[in-house]
2 protein chains.
Amino acid sequence: MWIPDRQSKKPLYQQIADHLEQRISYGEYPPGSLLPSERKLADQLGVNRSTVILAFAELRSMGIIESRTGSGTRVSKTKWGATPKHTPNWSRYAEGGSFLPNPPFMRRIREALHQHPSLIDFASGELSADLAPNDEITKLMSEHKYTSYLGYDNPQGYVPLRQALVSYLERHRGIHTTESSILITSGSQQSLYLITQCLLSPGDAVAIEDPSYCYSLPMFQSAGLRLFRLPVDSSGIRPEDIRALYKKHRIKMVFMNPNFQNPTGMVFDAERRKQLLDLASELRLPIVEDDPFSLTAYDGVPPSPLKSMDMIGSILYIGSFSKIAASGMRIGWMVAPNSIVERLADARQQMDFGLSVIPQQVAAQFLNSNHFVPHLERLRMQLQFKRDLLIEALQKELPDLVTFSIPQGGLHLWCKLIPEVHDGKLLEEAIRRGVVFVPGSVYGSDSGYIRFTYARAKAEEIGPGIAKFAEALRELIGEKPAL
Amino acid sequence: MWIPDRQSKKPLYQQIADHLEQRISYGEYPPGSLLPSERKLADQLGVNRSTVILAFAELRSMGIIESRTGSGTRVSKTKWGATPKHTPNWSRYAEGGSFLPNPPFMRRIREALHQHPSLIDFASGELSADLAPNDEITKLMSEHKYTSYLGYDNPQGYVPLRQALVSYLERHRGIHTTESSILITSGSQQSLYLITQCLLSPGDAVAIEDPSYCYSLPMFQSAGLRLFRLPVDSSGIRPEDIRALYKKHRIKMVFMNPNFQNPTGMVFDAERRKQLLDLASELRLPIVEDDPFSLTAYDGVPPSPLKSMDMIGSILYIGSFSKIAASGMRIGWMVAPNSIVERLADARQQMDFGLSVIPQQVAAQFLNSNHFVPHLERLRMQLQFKRDLLIEALQKELPDLVTFSIPQGGLHLWCKLIPEVHDGKLLEEAIRRGVVFVPGSVYGSDSGYIRFTYARAKAEEIGPGIAKFAEALRELIGEKPAL
């Protein structure tokens, strides 16, 4: 990102005006389009708002931009010669299609993290850099010659990676499968996207856990699905609720995250699992099992997936590297009956023509290497350590104001606030103090819940982050800070 | 892929029966699902059909599968215990959603290439392994430490790659842009998918070239767009046709491939380019410019993109590495106004959460390295050499039966057959003789046209491949082979 040069003799406002003029002339902001606000630009460029005001005034005097009270600053339409040239009405195109934007809280969090990289991040559901196997991957990349054919990949994904996953699934997840039943995807996200777009039709009813990360994914609404809730208690969902939803709404599919559920951290009860599988068979109802967290089990004994008990093929099983290795690899997988894998592979070709071979080769090497199991052990210990730091900080800072169950795996702690506070106000107050989290309403819960991710922040940030959060909360409920 | 062990003492049919039983028990073929046909399995496993018939008989006697005349062989539903267990009706789910499958010819070609890897491939629109910069990429991967953060990437793509593309676009394509105007995509395919899904709505009218590779992409129909044709003559499309379509159908967007058009190889005329840009401004009509082939220009002087003349931001510019480096990297880019890039980046997060950082880092290193320009020079020379081999072979084998213009860049030769033949019969006859091409009707043209890709086959395959094709053609029109 460009920022003005404070050593230069050219005044800051003039540098900014020149820079914006260039971006406008290059087409980033076509005639008639809206520029970022003065405040946003000042934030991005690290200058005072008054400097941006001066830069805008300069561009206005040159006829390049126009400001109108209340409607912001736009690129001029008449500057470009005697006959005004017309650009397409891009803002109308940007509203086209059936894709809903991300939920407002998620966009606000992303924007805040982008503008203030120093925020302590309890929001992003991913591992911190030191938890990812960067060294191992660097080593593998430099040791192994890259020899694969760099043409279009097999539509189901790179064969050696699917072979490595057959062993991985057998050894670590108790799932017996074959390479032709595996589809490699760009993380669980793409598996879910393919399922919602290609196996379901607009108007179809589906059941999802409540609360669930599925509510944070606008893809379900974008696909026109009707969502029905399966409340999660301390043993997970209740199978009889599925029967009731099936009778009432003819639900077509159930989406579940049975092990260390996101956001609650719950593990689905063993007895209920059997009931669920019987019910799925009776109703011929497909279950989508998302299983990203199991291998983080802090006791080293990952709970089994539903898929390992699935004798008849009711379950579409989804896994990924994102939460156990590195989200930036973008490697996920789905295990499904042949007809489904072929259908989704064909559709995915139409979307992006498959994944890059390079990270797939690296992922296969990593799975087959003797780095993988030690990495998992280290990851489990460090996640548990961070979880304990978070719990300690919450007990110190907010002993009277929060309750939670202690998760035995995963990256998240689901927290109930005892006082009533406004979700949005609490988030803004927290951002102002340098910390960010996800309000529970994003996951479909009532207000008053919060998801703290302890995997993403550095260990030394966790205590100070919760101290800032406590200040924000006490400010809102009118209490003096504890200190 | 598993194949039976011919050294084993266990009979082949028994090995196959055991293998299928395992795949069935693992859920690849759930109860009630259809197995591949005897012929297809025999092909895949490299055995006689009679061996598969024996294996099926074995499984049938065990109650694992059931065959009914005319409806194929299915996995038994009643084998699984006294109470029959029910699997979801997967075949109905596989028909859900709005994604159309690939066109029948394309599926037939893919299937034939999968089953017979020795086919001479004039169909796949990509480079052969020896044209890809494998050595350079291997070298870069082993020389550079992989140090990037492996978390979720910036939604618009890896910043150093976008920075490298700003220089690349300036130097090689005459396009001035900024990193914030660039979206990194999984090849041109994902750029087109994002545009058709997110900027247009079902029922919208768009104009595409005729013939055009767009007809081979079911994504346009899947998005519910109405397609109108712009005939391509030896100078490309005629701008006045766009005006007529706009008046009649209110077209919302135009899709073009102005340089070495796929499939015709035409370069859009300079005078018409100016008219097109004026018209786009007058009608406020966005033009999508797909520009994958320009840098293959055999004279070393790539034709300029429309985007380099676009002063007002009418053009969404798409580029990729697929045709100039390696399709398996899955690296493409779009240059667009800020509002469009942000919208598409947000939607893409919902589909796949962005690309892997690893190939993006490799691509940036490759662009910035001193390997890139020599690679392009070598590529151009070798493509021209292969084109000449193809032309020579056509002139030798079919001097009286085909006509074509000689392409000055790109990977394809567009060929008109003088005798009338049935597209599908010619394709089957060619496959039977060991060669595959794409019938022109896939690109929306009348029958009697063929696209030969000369980039994918090995140089030494081109002559023999055309000889086989000539045999197939002469067989169909009832002529004796020339030899």
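This is a predicted model: local features need pLDDT of at least 70, side-chain atom pairs count only at pLDDT 80 or more; totals for chains, interfaces and linings use all residues.
I started with the buried area between chain A and chain B: about 9200 Å², 54% of it on carbon and sulfur atoms. Buried area here is the accessible area (1.4 Å probe) that two parts lose on being put together, summed over both.

Residues are numbered from 1 along each chain as its sequence is written, chains are lettered from A in the order in which they are written, and side-chain values use heavy atoms, with hydrogens and water left out.

Then I checked symmetry. A rotation of 180° with 0.0 Å of shift along its axis puts chain A on chain B at RMSD 0.1 Å (least squares on the C-alpha atoms of residues with pLDDT of at least 70 in both). The two copies are therefore related as by a two-fold rotation axis. A:Ser142 is the residue of chain A that comes closest to that axis, its C-alpha at 2.1 Å.

On contacts (heavy atoms within 4.5 Å), I found 105 residues of chain A against 105 of chain B.

Last, I looked for salt bridges (a side-chain nitrogen of Lys or Arg within 4 Å of a carboxyl oxygen of Asp or Glu). The rule finds 2 across the interface of chain A and chain B. I noted A:Asp346 with B:Arg110, closest N and O atoms 3.5 Å apart.
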